[in-house]
Amino acid sequence: MYARRRHVYFAMMGTCVTLFVLAWAVVRIWSVPVAVGMCVVAMVIPPFAAIVANRRGPEDRWWDDPSGDPRSDEWWDELDGERRRTEGRQ
């Protein structure tokens with residue numbers, strides 16, 4: 001899933017750069033307001049690209065990673081109703 005997010009991010013950023021370059025290299029010759037509009041659209045794309053690239057997918061298992069504090073991990077395991085086997089304990 002990480003690869004898909006990365007591909008979507010680069011496609012969005014490539015679209016952003018393409019819009020910006022085309023706006024001021026080609027479109028401005030015929031219509032400056034359209035070129036400005038293209039730049040406004042290009043300006044909006046990067047925040048959405050960052051959101052897409054940084055979101056967590058359903059297969060990203062970040063919530064059950066141990067925190068490093070054994071007491072806290074035991075407490076969360078008890079709340080979740082599961083018993084995690086740790087090194088040194090069985």
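Q: Contact means heavy atoms within 4.5 Å; in this protein, what share of contacts between residues at least 6 apart in sequence joins residues at least 24 apart?

A: The share is 50%. The model is predicted, so local features need pLDDT of at least 70 and side-chain atom pairs count only at pLDDT 80 or more, while totals for chains, interfaces and linings use all residues. Residues are numbered from 1 along each chain as its sequence is written, and side-chain values use heavy atoms, with hydrogens and water left out.

Q: Which secondary-structure elements does the protein have?

A: Helices (H or I, at least four residues) and strands (E, at least two) are DSSP runs, numbered from the N terminus. Here there are three helices and zero strands, and the pattern along the sequence is α-α-α.

Q: How is burial read, and what percentage of the 90 residues counts as buried?

A: Buried means under 20% relative accessible area, exposed over 50%, and partly exposed in between (Shrake-Rupley method, 1.4 Å probe, only the protein chains shown as cover). Of the 90 residues, 14% are buried. The protein exposes about 7,400 Å², of which carbon and sulfur atoms supply 62%.

Q: Which residues make up the largest nonpolar core?

A: Such a core joins buried Ala, Val, Leu, Ile, Met, Phe, Trp, Tyr and Cys residues through side-chain atoms within 4.5 Å. The largest one in this model comprises five residues, namely Ala23, Val27, Ala35, Met38 and Cys39. Helix H2 gives the most to this core, with three residues. Apart from neighbours within four places in sequence, Val27 touches Leu22, Val34, Ala35 and Met38.

Q: How many aromatic pairs does a search of the whole structure find?

A: Rings of Phe, Tyr and Trp (its six-membered ring) pair with centres within 6.5 Å; planes under 30 degrees apart are stacked, over 60 edge-to-face, the rest tilted. The search finds one pair: Tyr9 and Phe10, edge-to-face, 5.4 Å centre to centre with 70 degrees between the planes. Tyr9 counts as partly exposed because its relative accessibility is 26%, whereas Phe10, at 53%, counts as exposed.

Note on methods
Contact means heavy atoms within 4.5 Å.
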